Amino acid sequence: MPKIVNHDQKRKIIAETAWKIIESEGIEKASIRRIASEAGMSTGALRHYFSTQDELLLFIMEYFLARGKERSENKSWSKNPLIAVQETLLELVPVDRDKQTETGVWLVFAIRSLTSVALNKKKNELTEGEYILMEALLEILIKAGCVKRDINIEIEKLRLAAVIEGLSIHALLRPDIFTIEKTEQIITHHLNELCNQ
């Protein structure tokens with residue numbers, strides 16, 4: 001009788017194995033050969049699920065996004081609109097181990113997307129999603145009367161995205177300077193400036 005293989009379960013094992021390697025040793029160590037070995041599979045078996053490094057990286061990104069979404073759904077958010085926006089923005093910055101790993105993968109993904117058609121499409125989708133989120137956060141502040149209604153929302157959403165991306169890079173590179181407290185201060189300062197225009 002042929003062995004029944006649960007493909008979704010196998011892909012989950014592969015993603016979790018890749019996560020452990022990336023978290024402990026960095027993304028450069030997460031080769032197809034290494035992941036296959038750690039997952040107890042042959043390289044050929046793993047290539048049945050992911051034929052290229054880009055396909056694997058795309059899957060790992062999707063896995064990280066699902067983890068972030070689950071984390072967000074299980075978090076208690078403030079009822080105060082301004083504080084809720086601050087909390088949301090802080091969730092996007094790598095101030096703990098999980099988010100440092102996610103940000104590291106995102107940066108590798110973003111750089112590789114410059115030369116990969118498959119990854120470029122997903123990168124555009126993710127950055128568009130970020131702009132939509134920033135606009136939604138600004139709309140919350142406008143609705144709450146924290147921000148003037150006549151702000152240039154197109155510019156402000158891009159500026160907010162740039163602030164968060166910049167903070168993410170610096171928090172990843174210099175966690176000794178960009179601590180959770182310092183990062184929170186910078187986000188609060190930016191929102192206060194926005195609210196006091």
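# Rings, charges and crossing helices

Q: What makes Lys 75 count as sitting over the ring of Trp 77?
A: The charged end of Lys 75 lies 5.4 Å from the centre of the Trp 77 ring. The distance cut-off is within 6 Å, joined to an angle of within 35 degrees of the ring normal. Lys 75 therefore counts as over the ring. The model is predicted.

Q: Which ring does the charged end of Arg 67 sit over?
A: The ring is that of Trp 19, with 3.8 Å from the charged end of Arg 67 to the ring centre. Trp 19 also belongs to an aromatic cluster with Tyr 63 and Phe 64.

Q: How many aromatic pairs does the structure hold?
A: It holds four. One of them joins Tyr 63 and Phe 64.

Q: Why is the pair of Tyr 63 and Phe 64 called tilted?
A: The centres are 6.3 Å apart, and the planes make 50 degrees. Pairing needs centres within 6.5 Å, so these rings pair. Stacked needs under 30 degrees and edge-to-face over 60, so 50 degrees is tilted. Tyr 63 and Phe 64 are both buried.

Q: Why is the pair of Trp 106 and Phe 109 called stacked?
A: The ring centres are 6.0 Å apart and the planes stand at 25 degrees. The limit for stacked is under 30 degrees, so this pair is stacked.

Q: Where do Trp 106 and Phe 109 lie, and are they buried or exposed?
A: Both are in helix 6, residues 97-113. They are three residues apart, about one turn of the helix.

Q: Which residues meet where helix 6 passes helix 8?
A: From helix 6 come Gln 100, Thr 103, Gly 104, Trp 106 and Leu 107. They meet Glu 165, Ser 168, Ile 169 and Leu 172 of helix 8.

Q: Why does Lys 157 count as buried?
A: Lys 157, found in helix 8, has 11% relative accessibility. Buried means under 20%, so Lys 157 qualifies.

Q: What is Lys 157 in contact with, leaving aside its neighbours within four places in sequence?
A: The contacts are Tyr 131, Met 134, Glu 135 and Leu 138.

Q: How many residues separate Lys 157 and Gly 44 in sequence?
A: They are 113 residues apart in sequence and 45 Å apart in space, C-alpha to C-alpha.

Key
Residues are numbered from 1 along each chain as its sequence is written. This is a predicted model: local features need pLDDT of at least 70, side-chain atom pairs count only at pLDDT 80 or more; totals for chains, interfaces and linings use all residues. Side-chain values use heavy atoms; hydrogens and water are left out. Buried means under 20% relative accessible area, exposed over 50%, partly exposed in between (1.4 Å probe, protein chains only). Helices (H or I, at least four residues) and strands (E, at least two) are DSSP runs, numbered from the N terminus. Contact means heavy atoms within 4.5 Å.
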